[in-house]
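Subject: Structure handover

Hello,

Please find the structure below. My notes on it follow.

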Amino acid sequence: MGNCKYCGKPAGFLRGKHAECEEKHQQRERVIQGGRQRIALEILRAIKGSESFDSLEKTITEIEQSSFVPPTERKALLAKGWENSVEQFLEDGILDTTEEKRLTEFKERFALSQSELDRNGALTKTAKAAVLRDVLNGVIPQRMSIGGNGDRTIFQGPKAKKSGKNRRTKFST
Ligand SMILES: [Zn+2]
């Protein structure tokens, strides 16, 4: 007699699972997968927007709870969402200062490390794009520490002027 790998109860001779437990498990997996995708979309939308990331954090928590996405996956999902945003921002070949600022704010808000964001080279790409933009604008680059050791800062947001008020942008869903 084997025990069901899902519910732990006897599953019958030479069986490792109940068909209905398997079915339930797969349904749950689909829900989790859907939750991951929704989180990815929310992150992308938040980075492309201009609001504070507080509401994003709330939304992610809600999705985690309703879709059984383990909170242990959050860091990886945040990093992935950041990478996706970089891809979209760089589709036109240019990382403008607003885009760079949002990426930096997100990185800092969720305490993502350089190595977490550079796993697939996305962080390096943004640094290069920022240097290129500066050069095109006639600014002598001062951030040439790409390839530096460890977690040294290679990605710095522009010293952008502070905008007086929090501008709010509405997004259609
Ligand atoms: Zn079972």
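Just after H4, Ala111 takes a positive phi of about 50°. Ala111 sits in the loop between H4 and H5. Most residues other than glycine have a negative phi. With 9 C-beta neighbours inside 10 Å, Ala111 counts as exposed. The burial classes rest on C-beta atoms placed from the backbone: a residue is buried if 20 or more other C-beta atoms lie within 10 Å of its own, exposed if 12 or fewer, and partly exposed in between. Helices are DSSP runs of H or I with at least four residues, strands are runs of E with at least two, and both are numbered from the N terminus.

Two points on conventions. Residues are numbered from 1 along each chain as its sequence is written. The model is predicted, so local features need pLDDT of at least 70 and side-chain atom pairs count only at pLDDT 80 or more, while totals for chains, interfaces and linings use all residues.

Overall

The protein has six helices and two strands, in the order β-β-α-α-α-α-α-α along the sequence. Of its 173 residues, 20% are buried. Two residues are in contact if their C-beta atoms, placed from the backbone, lie within 7 Å. Among contacts in the protein with a separation of 6 or more, 59% are between residues 24 or more positions apart.

H4 has 13 residues and reaches 18 Å from its first C-alpha to its last, close to the 18 Å expected at 1.5 Å a residue. The expected span is 1.5 Å times one less than the number of residues in the helix. Buried in H4 are Glu99, Glu100, Arg102, Leu103, Phe106 and Lys107. These buried residues fall within an arc of 160° seen down the axis of H4, so they line one face of the helix. The arc is that of the directions from the helix axis to the C-beta atoms. The face turned away from the buried side of H4 carries Thr98 and Glu108, both exposed. The cover over the buried residues of H4 includes H1, H3, H5 and H6.

Helix H3 (residues 74–89) packs with helix H4 (residues 97–109) at an angle of about 175°, and their axes are 11 Å apart. H3 and H4 are therefore roughly antiparallel to each other. The cut-offs for angles are under 35 degrees for roughly parallel, over 145 for roughly antiparallel and 65 to 115 for roughly perpendicular, with the rest oblique. Axes are lines fitted to C-alpha atoms, for helices over the stretch in contact, and angles run from 0 to 180 degrees between N-to-C directions. On the H3 side, Trp82, Ser85, Val86 and Phe89 meet Glu99, Leu103, Phe106 and Lys107 of H4. By class, this contact of H3 with H4 has five nonpolar, one polar and two charged residues. Ala, Val, Leu, Ile, Met, Phe, Trp, Tyr, Cys and Pro count as nonpolar, Asp, Glu, Lys and Arg as charged, and the others, Gly among them, as polar.

Helix H6

Helix H6 (residues 122–136) has 15 residues and spans 21 Å from its first C-alpha to its last, close to the 21 Å expected at 1.5 Å a residue. Its buried residues are Ala122, Leu123, Thr126, Ala127 and Ala130. They cover an arc of only 145° around the axis, which puts them on the same side of H6. Val135 and Leu136 are exposed on the other side of H6. The buried residues of H6 pack against H3, H4 and helix H5 (114–117). After H6 comes Gly138, with a positive phi near 80°.

With 12 C-beta neighbours inside 10 Å, Gly121 counts as exposed.

Ser67 belongs to helix H2 (residues 54–67) and counts as partly exposed, with 18 C-beta neighbours inside 10 Å. Leaving out residues up to four places away in sequence, Ser67 touches Val31, Ile32, Gly34 and Gly35. The C-alpha atoms of Ser67 and Ile32 are 5.2 Å apart.

Leu14 is in the loop between strand E2 (10–12) and helix H1 (19–48). Leu14 is not a glycine, yet has a positive phi of about 60°. Leu14 counts as exposed, with 7 C-beta neighbours inside 10 Å.

Regards
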